[in-house]
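Please look over the sequence and the model shown below before reading on.

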Amino acid sequence: MTAQEVRLCGLLLQEHFGEVVERIGTHLLRGGAQNLRTIANETNTPLDLVKKSLCVLVQHGACEFGSGRRGPGSPVEYRANCERVLRVLRYPRYIYTAKTLYGDTGELIVEEVLQRGHMTMSNTVKTVADRLTHNMEEGRSMEYSEVVSAFSKLVETHFLQRCPPVAEMGTAASSTTPSNPDCYKLPHVTLIGRGKRRRSSDDSEEQRGGKKAKMEVESCGDEGIYWQVNFERFHQHFRDQAVISAVASKLDQTSSEIVRTMLRMSEVTTTQTAAYTQPLSANEIFRSLPPNYSISRPILDQYLSLLVDDPVGADLDSPPHIPTLNLQRALANLARATLESVVQERFGSRSARIFRLLLRKRHLEQKQVEDFAMIPAKEAKDMLYTLLSENLVQLQEIPKTPDHAPSRTFYLYTVNQLPTARLLLQHCYKTVANLIERRLFETKENKRLLEKSQRIEAILASLQASGAEPEQLTEVEEMITAPERQQLEALRHHINKLDSTENQVDETVFLLESYIFSTKTK
Amino acid sequence: MAGLGRGRGRGKGYMSFSIEAVGIGKGENLPPSILQPTPLFPPMEHKPVPLVMGEEAEYMLALKQEFRGNMKTLPFYVRQAVSKKDWKRLPKELRIRVKKPLKENTSLSVDTPVDPKPSKKTRVDKEEIIHKLEVGITLEKKEEEVTSDEEEGEKKKQEEEQQDGEEEYDEEEFEEETDYIMSYFDNGEEFGGDSDDNMDEAIY
């Protein structure tokens, strides 16, 4: 829970849940586990607002509650989960992945569940069906059964999971899938119906119909079974994608297809933190290859041996003819590539050369660096010191004599991959926080202009709906002057750019986080 | 342990480690020492890589902005409650004045066209609104609107009753202070009835 992480979490909470929740969330993140009264007193917030915020945080899984430290009789304590709040940054990626895998229906299901934290299956199905019907043409509506099938597919592939059950006193155990055996079991619910299209003239009928629908929901039979998004599964998917694309760019398309097949076969059997995939025989791979890749058996063997030999590629460990994928090494390689490219972009290609050299050769003296990198002494010195001041490179002393006399000590330059990765990850968090702050600043600066344009849009929309003449419309449009329009355009362009940058920094964050996490669990 | 340079009399440039080992040659110019904090936006030597701008990136951007917008409308967005002023602390005059525009606002928000009338005709106002509300009840479509309007009308009635009570009370107070009836002053003379006793002071 570093300062940068807390700052970023605060900004994310503020944007999505408002300032009150942000205040309470930041307080919890900084202060550890606290009970209700302490929070209310220390943040000077009225008690009902604190209660509301805590409800919101728990609903979205950002906060856990448990019995106090002094035993079962003490008041309930709340703990905020920094990691979970940081996931909010990745929501667009999750939704987009669901779209690519399961189409619009899957996309909307995941979006709804992310927005609400956790939902029952029947609620999700109804809301999604209504939304899809809304976007369809007149006269058509979405069958519940289609949505249900998309939902079940998401559950079968573990993208959605059940929320862990909460005991009476509020002692929610940390949700690990082994302790929750019914995690992926669909409830026996028969949902028959179609999505309702919301028409403005049917308001009163809708309301009466709405009351009826509420009655139906109560008798649906899956009360208390809430579903949430399984982030770990999505992360596994992203990691697989990264490995496959790395293999594709390093070797060729066919080898990437082989790797993809291997990963897909071991998708549901491998746990997220496994270092190796399950051993698969070459025969199984051969049978599971997609039909348009008609390669013969000996060629497949050749490809497999190629993947084994390649030190930087997919990292296949092959005890005789039983290939497995060393995922940990793959992640380490990806992280290393990220570090190298960061150095390259910030300090130039020659500094990057020095950095790569140090990564490969571990420890080098000043003179050796100059020789191996083929860079003149003065410049090499300069670059090394720059890297040293940025903490990307460390100095290691090796004394020759027991009294550590400086003239008789070796000073070696070295790069440690793991601490450097952690450092860069913190830089990334700081970057994203800065981006968000800048975006908020830009929005605040031009608030007057934005509000004016929103008002004018609303007026235009209402005029068009009531069928006004074109002269009135042009008159209203002219209320924004040309330089103001330009300013608005520039503002939108900046905000889009900042937003898009956040998404891309998050990709780096994901890689570094996965790498660091994979080294932790040993 | 390494010993101070000055004490040994080795000269100004003595440092605890040998300079050559680190790589600075003898007599070479070191970079100038820094006298102020580094600038806030230092000039970059290497421009950053341009953003990836593809269909995927644009779609995710749209998703993100839409998500943020949706979150603001959901009940999860907790807003700070508006603080209510303590009316007892403000003088009575301000209270009435503020309530008048309040009354005008509520009357405008009702669907029926009611002109803002001066306070003495408030009772007539109320009756007109009630009449119009009763007419509205017959339309089934506006059933809910009417019920909410009736509620509003009731609220307004209560407010106006309070207001009327106050104004009547104030008028009575005025009447009690002076010994003359209100009609006596209608031809434009001032109110100050008490000051008639003091003939020395000029009447402003």
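The sections below take up the model itself, its strands, a helix contact and its nonpolar cores.

## About the model

This is a predicted model, in which local features need pLDDT of at least 70 and side-chain atom pairs count only at pLDDT 80 or more, while totals for chains, interfaces and linings use all residues. Residues are numbered from 1 along each chain as its sequence is written, chains are lettered from A and ligands numbered from 1 in the order in which they are written, and side-chain values use heavy atoms, with hydrogens and water left out.

Helices (H or I, at least four residues) and strands (E, at least two) are DSSP runs numbered from the N terminus, and two strands pair if DSSP finds at least two bridges between them. Strand S3 of chain A, residues 77-80, runs antiparallel to strand S1, residues 34-35, and is joined to S1 by two bridges. S3(A) also pairs in the antiparallel sense with strand S2, residues 63-66, over four bridges. A:Glu77 in S3(A) stands opposite A:Asn35, and A:Glu77 is also the bridge partner of A:Gly66.

S10(A) is joined by six bridges to strand S11, residues 409-414, and A:Pro399 has A:Thr409 in S11(A) as its bridge partner.

## Helices H19 and H21

Helix H19 (residues 447-465) and helix H21 (residues 482-520) of chain A have axes that come within 11 Å and cross at roughly 105°, where axes are lines fitted to C-alpha atoms, for helices over the stretch in contact, and angles run from 0 to 180 degrees between N-to-C directions. H19(A) and H21(A) are therefore roughly perpendicular to each other, a term for angles of 65 to 115 degrees.

## Nonpolar cores

A nonpolar core is a set of buried Ala, Val, Leu, Ile, Met, Phe, Trp, Tyr and Cys residues joined through side-chain atoms within 4.5 Å, buried meaning under 20% relative accessible area with a 1.4 Å probe, protein chains only. The largest nonpolar core has 103 residues, of which A:Leu8, A:Ile109, A:Leu114 and A:Leu358 touch the most other members. Helix H6 (residues 91-116) of chain A gives the most to this core, with ten residues.

Conventions:
Parallel < 35°, antiparallel > 145°, perpendicular 65-115°, else oblique. Buried < 20%, exposed > 50% of the residue type's maximum accessible area, 1.4 Å probe, protein only.
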